[in-house]
Amino acid sequence: MFFRIIIDIAFYIFAMFLILCAGIGLYHFSEWAEENSMKTQSILKYAVWFSIFIHIVFMFDGIPFMPLLVGIISHLFYASSIYAYPYFRFLSIASIGSMVAFLVNHLVWFIYFSEAPFSEEFHTFFGFFVLMVWFVPSGFYLTLCGGTDNQMPGLVNLPKSRNPIINFLIKLAL
């Protein structure tokens, strides 16, 4: 009885320290992203395209088409926000679409994993969600936490591109 109480107390202390360490790490990432907005933009851009590539690879692995399509569409919404990065407006089409796409993507994959034959394997569920559902939106959220006035510091003027498609995406995102 006494042994179980001590083990439970130790577990909760460990969990509190783990949460504290995660919070400190996220704070430092947010500070780094604030100071290195162009590197952060590159990392987020490559993360979006990597996730889309992995979704396409999963098509050949027997994963149903509908959840994969929803995942690809949600990552395309995230990609539309990258071109105006570090600028961000909460009421723009790209940001509202990204938020809705995140919720729909999360719901679709949750339903898929709750019905999958390997749904009892928590590490499969959690690993997929961290990499394919939460990573990119969390990156956008953390980079916005350190900035002020809906933008990350580092860029004074919005960069113009010679490509009219990119200019259109920037206008769409803002």
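Predicted model: local features only at pLDDT ≥ 70, side-chain atom pairs only at ≥ 80, totals over all residues.
In which helix do Arg-4 and Asp-8 both lie, and how many residues apart are they? Both belong to helix α1, where four residues, about one turn of the helix, separate them.

**Overall architecture**

The protein chain contains six helices and zero strands. Read along the sequence, its pattern is α-α-α-α-α-α. The chain has 174 residues, of which 33% count as buried. Its accessible surface comes to about 11,400 Å², and 75% of that surface belongs to carbon and sulfur atoms. Among contacts between residues at least 6 apart in sequence, 71% join residues at least 24 apart.

**Helix α1 and its surface**

Helix α1 covers residues 2–35. Arg-4 and Asp-8, the two residues of the opening question, both lie in this helix. Their side chains meet in a salt bridge, with an N to O distance of 3.7 Å. Side chains of opposite charge can pair when their charged atoms come close. A search of the whole structure finds one salt bridge. Arg-4 is exposed, because its relative accessible area of 54% is over the 50% cut-off. Asp-8, with a relative accessible area of 28%, is partly exposed, since this value falls between the 20% and 50% cut-offs.

A nonpolar patch is also present on the surface, formed by Met-1, Ile-5, Ile-9, Ile-13, Met-16, Phe-17, Leu-20 and Ile-24. Together these residues have about 850 Å² of accessible area. One of them, Ile-24, lies in helix α1 and is partly exposed, with a relative accessible area of 43%.

**The meeting of α1 and α2**

Helix α2 spans residues 37–59. The axes of α1 and α2 come within 5 Å and cross at roughly 110°. The two helices are therefore roughly perpendicular, because this angle falls in the range of 65 to 115 degrees. On the α1 side, the residues that meet α2 are Trp-32, Ala-33, Glu-34 and Glu-35. Their counterparts in α2 are Ser-37, Lys-39, Thr-40 and Ile-43.

His-55 is found in helix α2. Is this residue buried or exposed? His-55 is buried, because its relative accessible area of 0% is under the 20% cut-off. Not counting residues up to four places away in sequence, His-55 touches Leu-68, Gly-71, Ile-72, His-75, Trp-109 and Met-132.

Helix α3 runs over residues 65–82. Ile-73 counts as partly exposed at 41% relative accessibility. Between Ile-73 and Ile-52 there are 21 residues of sequence separation and 8.8 Å in space, C-alpha to C-alpha. Ser-80 counts as buried at 10% relative accessibility. Ser-80 and Gly-97 stand 17 residues apart in sequence, with 9.6 Å from C-alpha to C-alpha.

The table collects the accessibility of individual residues.

| Residue | Relative accessible area | Class |
|---|---|---|
| Arg-4 | 54% | exposed |
| Asp-8 | 28% | partly exposed |
| Ile-24 | 43% | partly exposed |
| His-55 | 0% | buried |
| Ile-73 | 41% | partly exposed |
| Ser-80 | 10% | buried |

Conventions. Residues numbered from 1 in each chain as written. Heavy atoms only, no water. Patch = residues over 30% accessible without salt bridge, like charges linked within 9 Å, V, L, I, M, F, W, Y side chains within 5 Å. Areas by Shrake-Rupley, 256 points an atom, 1.4 Å probe, with all protein chains shown as cover. Salt bridge = Lys/Arg side-chain N within 4 Å of Asp/Glu carboxyl O. Buried < 20%, exposed > 50% of the residue type's maximum accessible area, 1.4 Å probe, protein only. Contact = heavy atoms within 4.5 Å. Axes fitted to C-alpha atoms, helices over the stretch in contact; angles between N-to-C directions. Parallel < 35°, antiparallel > 145°, perpendicular 65-115°, else oblique.
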